[in-house]
Amino acid sequence: MPVVEIVGPAPSTYTRVARMVCEEKQIPYELKQSPPHSPDVDAIHPFGKVPVMRHGDFELCESKAISTYLDLSFPGPKLIPTEPRQAALTEQWVSLVNTKMDGTLVRSYLLNYIFPKGSDGKPDRAVIDAVVPQVEKEIALLDRTVAKGGYLAGDSFTLADINVMPILAYLKNFPESGAAIAAAKSLSAYYDRLSARPSFLNTVPQRPQAKAS
Ligand SMILES: N[C@@H](CCC(=O)N[C@@H](CS)C(=O)NCC(=O)O)C(=O)O
């Protein structure tokens with residue numbers, strides 16, 4: 001079988017998701033760190049986003065689609081459950097994070113710190129202050145959810161957990177989100193437990209503060 005190639009920079013949260021799926025299922029893969037909108041990426045993703053994937057003559061974009069393909073194609077633990085309710089809850093949490101929470105937590109909050117756009121080269125305080133209440137609400141939502149069964153989609157580890165962990169890893173490092181996570185006891189315990197998994201440890205970006213996009 002050809003080797004899976006994951007294309008995208010290691011600091012990208014979505015690239016890390018695809019890599020963690022490979023690690024969890026022990027799929028041999030190569031990481032090619034091409035940035036968004038590079039020719040390599042544009043050839044596969046219609047909007048130039050990372051990650052994209054090559055597997056032999058099969059090319060694919062979008063982290064959820066890539067994760068589904070890998071989960072269905074390779075042996076190892078099922079990361080998207082087959083039982084209908086567990087499968088749907090996994091899908092629900094991937095969707096909630098990708099369609100709403102990524103916008104708040106990554107695009108509006110984290111990227112303002114990581115790529116400051118303030119006039120003095122510092123993060124734009126007004127933009128951060130405006131988004132912090134919603135950041136706190138979303139962290140509280142994650143805390144309440146994992147308090148129930150220990151994982152996002154019930155009582156077992158799934159793609160939903162893989163999908164949120166790279167975001168939490170960044171959030172822990174910034175003041176308001178770090179304080180909110182520290183105060184969220186169930187979420188903190190969840191993070192500590194899941195961040196010890198080899199799939200997480202083996203995908204830590206070389207320079208975690210450098211980029212989230
Ligand atoms: N829905 C996409 C989102 C991917 C995405 O937004 N990736 C970011 C990096 S984490 C990116 O490529 N940003 C560049 C851009 O949006 O132009 C997925 O799940 O793969």
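The expected span of a helix is taken as 1.5 Å times one less than its number of residues. Helices (H or I, at least four residues) and strands (E, at least two) are DSSP runs, numbered from the N terminus. This is a predicted model, in which local features need pLDDT of at least 70 and side-chain atom pairs count only at pLDDT 80 or more, while totals for chains, interfaces and linings use all residues. Residues are numbered from 1 along each chain as its sequence is written, and side-chain values use heavy atoms, with hydrogens and water left out.

**Helix H4**

Helix H4 covers residues 84–114. As a straight helix of 31 residues it would span 45 Å, but its end C-alpha atoms are only 39 Å apart. H4 bends by about 60 degrees at Met 101; the bend is the angle between axes fitted to the seven residues ending at a residue and the seven starting there.

Four strands form an open sheet in the order S2-S1-S3-S4, with mixed pairing. Two strands count as paired if DSSP finds at least two bridges between them. The edge strands, S2 (29–32) and S4, each pair on one side only. Neighbouring strands are turned by 20 degrees against each other on average, direction ignored. Axes here are lines fitted to C-alpha atoms, for helices over the stretch in contact, and angles run from 0 to 180 degrees between N-to-C directions. Helix H3 (residues 63–73) packs on the sheet and touches S1, S3 and S4 (contact: heavy atoms within 4.5 Å). The direction of H3 makes about 135 degrees with that of S4.

**Strand S3 and its partners**

S3 (residues 52–55) pairs with S1 (residues 4–7) in the antiparallel sense over four bridges. Four bridges also join S3 to S4 (residues 58–61), again antiparallel. Bridge partners include these:

| Residue | Partner | Partner strand |
|---|---|---|
| Val 7 | Val 52 | S3 |
| His 55 | Phe 58 | S4 |
| Val 52 | Cys 61 | S4 |

Arg 54 stands opposite Glu 59 in S4. The hairpin of S3 and S4 has two residues between the strands, and Gly 56 takes a positive phi near 60 degrees there.

In a regular strand the side chains alternate between the two faces of the sheet. In S3, Val 52 and Arg 54 point one way, and Met 53 and His 55 the other. All four are buried (under 20% relative accessible area, with a 1.4 Å probe and protein chains only; exposed is over 50%, partly exposed in between).
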